[in-house]
Every structure is written in C-alpha cells, then in structure tokens.
Amino acid sequence: MFSNILIYFVVIPLVMLAGLAVCQNIRQIRAVAVTGSVALIGLSVWVLMEYLGLRAGGNEDAMLFVDSWTWFAPLNIHLAVGVDGISIAMLLLSSVIVFAGSFASWEIKQAKEFFLWLILLSVGVFGFFISIDLFTMFMFYEVALIPMYLLIGVWGSGNKNYSAMKLTLMLMGGSAFLMLGLIGIYYHSAPEGGELTWNILEIARNGAIDHSWQTFLFPMTFVGFGVLGAMFPFHTWSPDGHASAPTAVSMLHAGVLMKLGGYGCFRVAIYLMPQAAHELSWIFLILTGISVVYGAFCACVKTDLKYINAYSSVSHCGLVLFAILMLNETAMTGAIMQMLSHGLMTALFFALIGMIYGRTHTRDITEMGGMMQIMPYLSVCYVIAGMASLGLPGLSGFVSEMTIFVGSFQHSDMFHRVFTIAACCSIVITAVYILRVVGKLLFGPVHNEHHRELSDATWWERLSTVTLIVSVAAIGCFPNFFNHLINFTFKPAIFAVLGLN
C-alpha cells in the first residue's frame, strides 16, 4: 500500500478514527482505542529496530526512511517524511503515552466523541515528529492543538471554559509568530536564483539564510515553539489547562504536546539558524532559567495536585529549552533525554492524580491524608513518580538532569555557569514540593472517614501505570541505549551545521 513505513504513523490513527465512527457501544470503542495504540507501539519498535540496523550497517545519512510526495507544486509543498534518533525517541514516547492514556480513560463519559478528538490530536503529534517539510510540520502542529479546546471545554472540570479559551488563544498567538517565522525561512531558503523549499534538510544543506535574516527569524520561531514549551513569561496557559483537562488529555498534553515545543526549537530554530542561535541564546537562556526556578517555586505553594504537577512541568520543560540553548553535545543530549523522562513521569503523575480524584472527588492535598493505607498501589506509584521527578538514581530523572547539568557546566564563562548553578538549585526545590505532597497526601491521619471506603486501582489502571513506570525505569537503568540512539543524530547533522566539531 505505502512504500514508506513512516506514513503508517498517520494512517493508523486515521483508521482508528474511521473505526470509532462506526462503533456502537463502549466495548467496541475500547477495542479500537487499545488495538490502535498497540499497533502504534509495535510500529514504533519496528522502526527503531530498522533504524538501528541501518546505522549498524554504516548508513550515516542525517535522516533515514526519507520520502516525499508532492502536495502543492506552485509553492513546492511536499508531504516529506524522515526520522533520526531524536524523532524515533519521540515516536516511542508518544505511542507509549497514547497506550497508557487509552486505559486511563477506560470509563470516560461520551467515550466515542472523546476518543475521536483524542486520536485526532495524536494524528497531529505523530505527523509532526515524522515531517521534514516545514509546511506540513506546521499543519500537523495545528492539528495537534485544535482538539485541545473541545477536549478541555467539554470533558474538563473546574473553570474549564476559561482554561480552554486561554490555552487556545495563547497557543494560537504563538502559532502566528511561528507561521511568520516559517514563511520567512521559506523565502530565504535557497541561494540566489535557486528553487525555494520547505524541506529542512535542503535548507540546512543550502545554508542560504543570511546572518541579518537569521537574527530576525530566530526569535520568531523560538518564541513560537517556546510558547508550547511553557517558556516564561508565556507559560500561564499551561497550569490552567492542566488543571481543567481530563486525565488522558493531561497525559498527552504534558507528556507529548509540550514536547513539540522543545523539538521544534531544536529542529527548526537552532538547526536552520545556527549563527543567530549562538548570538541570541543568552536572551532565551535568561527566560528559560527563570522558567526552571519559577515553576519549581510555584509548585511549592500550591495545594491542588494538578496545579502542583503543572508548575512542575513548567520547570522541567524549561530545563529542556535551557539545555538546548547551551549548544553543546552533552547538554543537548540531556535535553532530549529530559523530554523523554518528563513525558513519561508527568503522564504517570496525571494518570495517578486522575485516579485519585475519581475516588476522592478532590485534588486538594489539605483535604486528604493516609492514602497509603487506603490505596496502597496508587500511593506506591505516586512515590515512584515523585522520586523520578526529584532525580532519584535508577530512574529517568537522574540520568537526564545530570547530563544537562554536566553539559551546561562545560561553558567556562561566568554567565553560563551562574545560570547553571541556579538551574541546579531547582533540584532542591523539587525535592521540597514532592516530599511535601507525599507526606501530606499519603501519610499521616485520614482526614475524611469516607475515604476509608475507597477502592484501590482496577486492572486497567494498573496496566496504565505499570507501562509508564517500566518505561521510566528503563531509561534510568539503561541510559546508554538511549544515549546512543540520540547521540548519533548530533554528529552528522546539528554539530556539522553549528561548526562545533
């Protein structure tokens, strides 16, 4: 049918949408969601094995499985696909979270409509990570954003209409900056007299964007993607959106959707405009450094579980952008590992918060206590997620954060080292709010006697959480595999362009 296996990352969700459209009952809806998510995991693993085989065979191309189909010839727009180690890591992350999210939404109301919008969101996510054409990448980016309004506005809780509108307006504002930046890149993508192109590999190969235009376009593209990455001061949509979103949407939102921001900053802004990245990175280092510390401090003073985790996400995603801007191999490798680590552990956090809220009908930690004796399984899972977040060795958070800090400290100038030390302090702040929540929520006296009647996790909730915990432990215990997968990407692609060999 299709000669390129990457296109199936879009085909499978589209087939799931068609299957959901004809479903008549909840069992059929669940069957479609689970079957499709398992197929996506299988496809991700297959692509990973094929990719590693080609690399082992000596293929050193910047991107593998590259293919292109003409879409709109007058503007040279193509459906162009290709992957490297970073793309494959993001595809694995996305497929795991879609699988876990399907089980976390096992008893969602209006399941058919909910899963239709959720799978449409996943179409945008998978399409974004396999695209190497800037126009189609932006198209998939928008496809991933639009369903968020309805998913929060219809199935959310609390002040959901305000949160959904705020999220939509701020992300669309970022998209406007991004669109202008991408159009500017297109019109400066070829040498004088050459054919204009949207293809990332061709633009990088041409190196035609002159210094003055890089200086103008870099801030537009970095801010455009940075808004989705919750960069200060454009982060305020994220905590409100998280607080009102249903469980699976929070999982995809924090676990995958926010990673589009970091991936886009890396793949587009820095890769295509390296001179501007070198000159202007200090400005965005200040903003991302503030995100890291400010997000952690905000999490310390919140009592709502979702707001605590949302501000934690602002801090951790700020650390991703912070590391990318260090522009060296070690820090950037840490940034990608942090994207994987944070995606998994924050999805686990939001899954557990949704499960606890579904039983207690409150997210306020001052109204809960003694959960360890009432719901031991969910409580132990929450402790594991917390330990990953504060960087316990053996879990993914330790590997990613240590790589970032070691890489960041490679800069010998005072400016970079001061901000690195400030970012390191976020570890201490993270330990404060994680241990505070664990102490208040899981231990101590039971504040509400009705909570003693609550049940522990069901089989589908256990499957969802175990999947995420195993993934978090895999990164923490086998970091060399993921380092090897990611690291090869920088040498032939990014660092050749940045002149850092």
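User: How do the residues lining the second largest pocket divide into nonpolar, polar and charged?

Analyst: This is a predicted model, and in it the second largest pocket has a lining of 17 residues, with L92, V96, S471, A474 and F482 nearest its centre. That pocket holds about 330 Å³ of space. Its lining splits into 14 nonpolar, three polar and no charged.

User: How many charged residues are in the lining of the largest pocket?

Analyst: Go through the classes for that lining: 14 residues are nonpolar and eight are polar. The charged ones number six.

User: Which residues touch the most other members of the largest nonpolar core?

Analyst: In soluble globular proteins, nonpolar side chains tend to be buried together. Here the largest nonpolar core has 178 residues, and α13 gives the largest share of this core, 18 residues. The members touching the most others are I185, F218, L260 and Y382.

User: Let's take Y382. What is it in contact with, leaving aside neighbours within four places in sequence?

Analyst: Y382 is among the residues that touch the most other members of the largest nonpolar core. With the sequence neighbours set aside, its contacts are L305, F349, L352, I353, I356, V437, V438, L441 and L442.

User: Is W460 buried or exposed?

Analyst: W460 lies in helix α18 and belongs to another core, of five residues, that also includes V34, F103 and W106 and lies apart from the largest one. Beyond its neighbours within four places in sequence, W460 is in contact with F103, W106 and E107. Its relative accessibility is 15%, so W460 counts as buried.

User: How far apart in space are W460 and A100, C-alpha to C-alpha?

Analyst: In sequence, W460 and A100 are 360 residues apart. In space, C-alpha to C-alpha, the separation is 9.2 Å.

User: What about I427 and G124, what separates their C-alpha atoms?

Analyst: I427 sits in helix α17, residues 414-442, and with neighbours within four places in sequence left aside, I427 is in contact with L390, E401 and F405. G124 is 303 residues away from I427 along the chain. The distance between their C-alpha atoms is 33 Å.

User: How does I427 count by relative accessibility?

Analyst: Buried needs a value under 20% and exposed one over 50%. I427 comes out at 27%, so the label is partly exposed.

User: Now S175, is it buried or exposed?

Analyst: S175 is in helix α6, residues 160-186. Apart from neighbours within four places in sequence, S175 is in contact with F138, Y141, E142 and L145. Its relative accessibility is 4%, so S175 is buried.

User: F65 and H361 have a positive phi; is H361 buried or exposed?

Analyst: Phi is near 60 degrees in F65 and near 60 degrees in H361. F65 is in strand β1, residues 64-72, and counts as buried because its relative accessibility is 18%. H361 is in the loop between α13 and α14 (371-374). With a relative accessible area of 61%, H361 is exposed.

User: Last one: what is the mean pLDDT of the chain?

Analyst: Across the chain, 96% of the residues reach 70 or more, and the mean pLDDT is 87.

Conventions: Residues are numbered from 1 along each chain as its sequence is written. This is a predicted model: local features need pLDDT of at least 70, side-chain atom pairs count only at pLDDT 80 or more; totals for chains, interfaces and linings use all residues. Side-chain values use heavy atoms; hydrogens and water are left out. Helices (H or I, at least four residues) and strands (E, at least two) are DSSP runs, numbered from the N terminus. Buried means under 20% relative accessible area, exposed over 50%, partly exposed in between (1.4 Å probe, protein chains only). Contact means heavy atoms within 4.5 Å. Ala, Val, Leu, Ile, Met, Phe, Trp, Tyr, Cys and Pro count as nonpolar, Asp, Glu, Lys and Arg as charged, and the others, Gly among them, as polar. On a 1 Å grid over the protein atoms alone, a cavity is a set of points where a 1.4 Å probe fits but cannot get out, and a pocket is an open set with protein on both sides within 12 Å along at least five of seven lines; lining residues have an atom within 4 Å of a point. Grid points are joined across faces, edges and corners, and a volume is the space filled by probe spheres set on the points. A nonpolar core is a set of buried Ala, Val, Leu, Ile, Met, Phe, Trp, Tyr and Cys residues joined through side-chain atoms within 4.5 Å. pLDDT is the predictor's confidence in each residue, from 0 to 100.
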